[in-house]
Amino acid sequence: MMYSGRREAPLAVQVRDRLGELFPDAAFADGFGRAGKPGWSPGRLALVTVLQKATNLTDRQAADEVRENLSWKYALGLALED
């Protein structure tokens, strides 16, 4: 693990490492739209909301974290370029 022995892993990394995929898409199948442009899965959006509230961020700050913070990308299962 990247953080072992150095410092505590960020909350987002701890969530992913300990719980895996926290909100699987299957649990939110009814929330997926059937028409229109595809968006993020409801499970991924739920995890962003949990991380946002746990770190006391505004919507804009949470969106910035998703774009810029590698630990949030890891927790959400995103590629680095996402």
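This is a predicted model: local features need pLDDT of at least 70, side-chain atom pairs count only at pLDDT 80 or more; totals for chains, interfaces and linings use all residues.
In soluble globular proteins, nonpolar side chains tend to be buried together.

Beyond its neighbours within four places in sequence, Trp72 is in contact with Ala12, Val48, Leu51, Gln52, Thr55, Leu57, Ala62, Glu65 and Val66.

The fold is built from helices. The protein chain has 4 helices and 0 strands. The order of elements from the N terminus is α-α-α-α. Along the principal axes, the C-alpha atoms fill a box of roughly 50 × 25 × 25 Å. The protein chain has 82 residues, and 26% of them count as buried. Among contacts with a separation of 6 or more, 43% join residues 24 or more positions apart.

The loop between H2 and H3 holds Asn56. Its backbone carries a positive phi, near 55°, in a residue other than glycine. Asn56 has a relative accessible area of 70% and is therefore classed as exposed, the cut-off being over 50%.

Charged side chains were examined next. The salt-bridge count comes to 1. The pair is Arg67 and Asp64, whose side chains meet at 2.3 Å, N to O. Both residues lie in helix H3. They are 3 residues apart, about one turn of the helix. Arg67 is partly exposed, with a relative accessible area of 48%. Asp64 is also partly exposed, at 24% relative accessibility. Neither residue counts as buried, because that class requires a value under 20%.

The accessible surface of the protein chain comes to about 6,000 Å². Carbon and sulfur atoms account for 53% of that surface.

Key. Residues are numbered from 1 along each chain as its sequence is written. Side-chain values use heavy atoms; hydrogens and water are left out. Contact means heavy atoms within 4.5 Å. Helices (H or I, at least four residues) and strands (E, at least two) are DSSP runs, numbered from the N terminus. Buried means under 20% relative accessible area, exposed over 50%, partly exposed in between (1.4 Å probe, protein chains only). A salt bridge is a side-chain nitrogen of Lys or Arg within 4 Å of a carboxyl oxygen of Asp or Glu. Accessible areas come from the Shrake-Rupley method with a 1.4 Å probe; for residues, only the protein chains shown count as cover.
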